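Please study the sequence and the structure before reading the solutions.

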Amino acid sequence: MAASKFEVPELKGYTTIPLLQKGASANIKSFLANEKIQEDLGFPGELVEDWHDKAIEKMGELLGKYRGLRVFMDACVHCGACTDKCHYYLGTRDPKNMPVARQDLMRQVYRRYFTFAGKFFPKLVGARDLTREVLDDWYSYYYQCSECRRCSVYCPYGIDTAEVTMAGREILDSVGMGQKYTNEILGKVHRIGNNLGLPGPALVDTLEGLEEDIEADTGFAVKLPIDVKGAEVLLITPSADFFSEPHVESLIGYAKVFHAAGISWTLSSMSSEAGNFGMFIGNYEQMHKVALRIRQAALELGVKRIVVGECGHAWRVAYSFWNTLIGVGAGADDPFAKMLQKQLDPRYPQPAHICEVTYDLLQQGAIKMDKEANDHRIITFHDSCNVARGSNMGGIPGGQFILPREIIKSVANHFYDMAPETVFEGTFCCGGGGGLLTDDLMELRVKGAMPRMNALKSVVDTHQVNFMATICAICKAQFTKVLPYYEFEMSMVGGVHQLVSSAIRLDPNK
Amino acid sequence: MSLLTITFALLFYLATAVLIGGVAYKIYIYSSTPVPLKIPTMPAPMTTTGVVMRMGREVVLFESLFKSNKWIWIFGWMFHFGLLLVLLRHLRYFTQPVWGWVVLIQPFGRYAAFVMIAGLLGLWARRILVDRVRYISTPSDHLMLALLLGIGLSGVAMSFFSHVDIIDVKMFMLGLMMFHWQELPPEPILLVHLSLVALLMIVFPISKLLHAPGVFFSPTRNQVDDSREVRHVADWAVHFDQ
């Protein structure tokens, strides 16, 4: 087991609700962004002098722009339904990680400055002045939320803590308190085109190397094309797919699917990132700016379809927001969106998830699998939070749960689901999503992964599961780091298309 | 006309104005605030009919709460549906002649008060006994339960133990509605009941009771899952497309 400075929760195979322990994770704080990082995004470099007034003003602005925030601030009745639903509460026991308490950090201030009751009877309704202490609490606890939306499934009014967290981060950014990890990455996307800061030539080299590896491995010249004008498909995938393990195995999987189905495709060196960290900080402008690169690449390359690789938050942004942000989708009547929508092939959903592509090809019999190739694997599937609760696939109810599982069952013989309350819409976040995948939050990440690790342990014990498939770059990176803390092999985690890659028949004659 | 009658008449006009005006204002705020992004909690219905069904299940069956916590669900449901029956029963004091179905539900409405009170006690017990719920409770959360219990208990007391002249009460209410005031019977228990009801009406639009209109405006529950088929842009975001 990895040496750690904190206590790693013990796994029982199921998760119980802990008694709360005040301040248990108060010391967990991610690094603040420095002046340079902040100013690159147009945010103040450090905490501004009039932060109090600026923060309240920003809050008022957001309340006027987002109906969700407005309703969520008013509607909570403190019923307690969400209190045991957050993986960070279950893992850390800190009561401020209960969704309602996390929301209340903002709701208390909302009541004080924006409601009659809070202005005149603050004590009675738990309203609080925005003090430096409160602001620091916001920073700590809004960066202890992975915006996974599990709480929103269980709230009788659908209050989504992710929306409150995003608003909190947006306000913090606007007064000069940004988070290093997320904001630094946003800067890289704007400068270079991807989260890892991998420049075009390096990317081309990497892809050539991969092509050689695949050919050496399989004997087939499977290509990983980049910047090919007139290709049918533009693949937008998380940049981790280009060189992180196990991510790259899925990239090879996508390439093999396109190869076997005879679909021409391309990556883009200018737009080589699916992840959109603009969502993490709730900033519409940043999210829009990041997404614009995809629109530009699609227009320049003249592609007919846009397909998104295995990436959870990216798929939420693509599925739910791209049509709004950049017009990738259908049904537009404005010139900005129509320009792109006329170019895209209306016979396919735009954008499409790589799982939708593979699933369709399997249904048509256009690609064939040798399931035995995965016989050494006993597989379970981790539903990624943003795919599960922020998107759909296949245009059928619950398609985001069905398609990946159907693909796994088509490429492997041994599949077992984890406990029902930990999958599908009730899935537990990996513990590293929403801008928390940074080493300075390792304690939080390990503790937050506990509910998933418990569910995994249960299927490992009962079915000898040795592979947890997932379709998210953050999940893969997070589990690779966290599994060893719980005495699992880090290689247990991998992509759905990693499994496809093992099983797919590349020989067109077979 | 006694001072008591005048006081209560004015109190009820005020309470009604605050309730209707306040809730209407809040509904105006909610409905006029834009929803810039599609954020339904998935899996979500793919048609408007589906959304109506989802909202119906949410409001009538408390579907999400049922998934979440069976204790809160059962107590919450007992309270809300007890209250609904009690409220419907009370229509007899505001209509002349009394509608047939209101007459029909009278016996159920009377006993529903006990269900409502049991639900409230259950919710209050959780607020005190469960450490997580205790942690998030504010004084107003307790006071709201006290207020509702006070209304329920004073109502039950009149209905089952210390009867009040119902005909006079009804005359008072009808008088209020027709702006032709009638004397209010000066029964202490009745005055307590009516005062608490007026207080509830007044705090409604400035308290967490806004969850009642709020739920209908919750984007995670009322949006259709059609983001790939329909482009959805808020007015304030249109300039990003230029």
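**Exercise 1.** Determine which residues have the most contacts inside the largest nonpolar core.

*Solution.* A nonpolar core is a set of buried Ala, Val, Leu, Ile, Met, Phe, Trp, Tyr and Cys residues joined through C-beta atoms within 7 Å; buried means that 20 or more other C-beta atoms, placed from the backbone, lie within 10 Å of the residue's own. The largest such core holds 199 residues, and Leu234(A), Val308(A), Ile407(A), Ile408(A) and Leu499(A) have the most contacts inside it. Helix α15 (residues 312-326) of chain A supplies the largest share, nine residues; helices (H or I, at least four residues) and strands (E, at least two) are DSSP runs, numbered from the N terminus. Another core, of seven residues, lies apart and includes Phe8(B) and Leu176(B).

The model is predicted: local features need pLDDT of at least 70 and side-chain atom pairs pLDDT 80 or more, while totals for chains, interfaces and linings use all residues. Residues are numbered from 1 along each chain as its sequence is written, with chains lettered from A and ligands numbered from 1 in the order in which they are written.

**Exercise 2.** Identify which helix gives the most to the side of chain B that touches chain A.

*Solution.* In total, 57 residues of chain B are in contact (C-beta atoms, placed from the backbone, within 7 Å) with 67 residues of chain A. α6(B) gives the most, with five residues.

Definitions and conventions: Contact = placed C-beta atoms within 7 Å. Buried ≥ 20, exposed ≤ 12 C-beta atoms within 10 Å, placed from the backbone.
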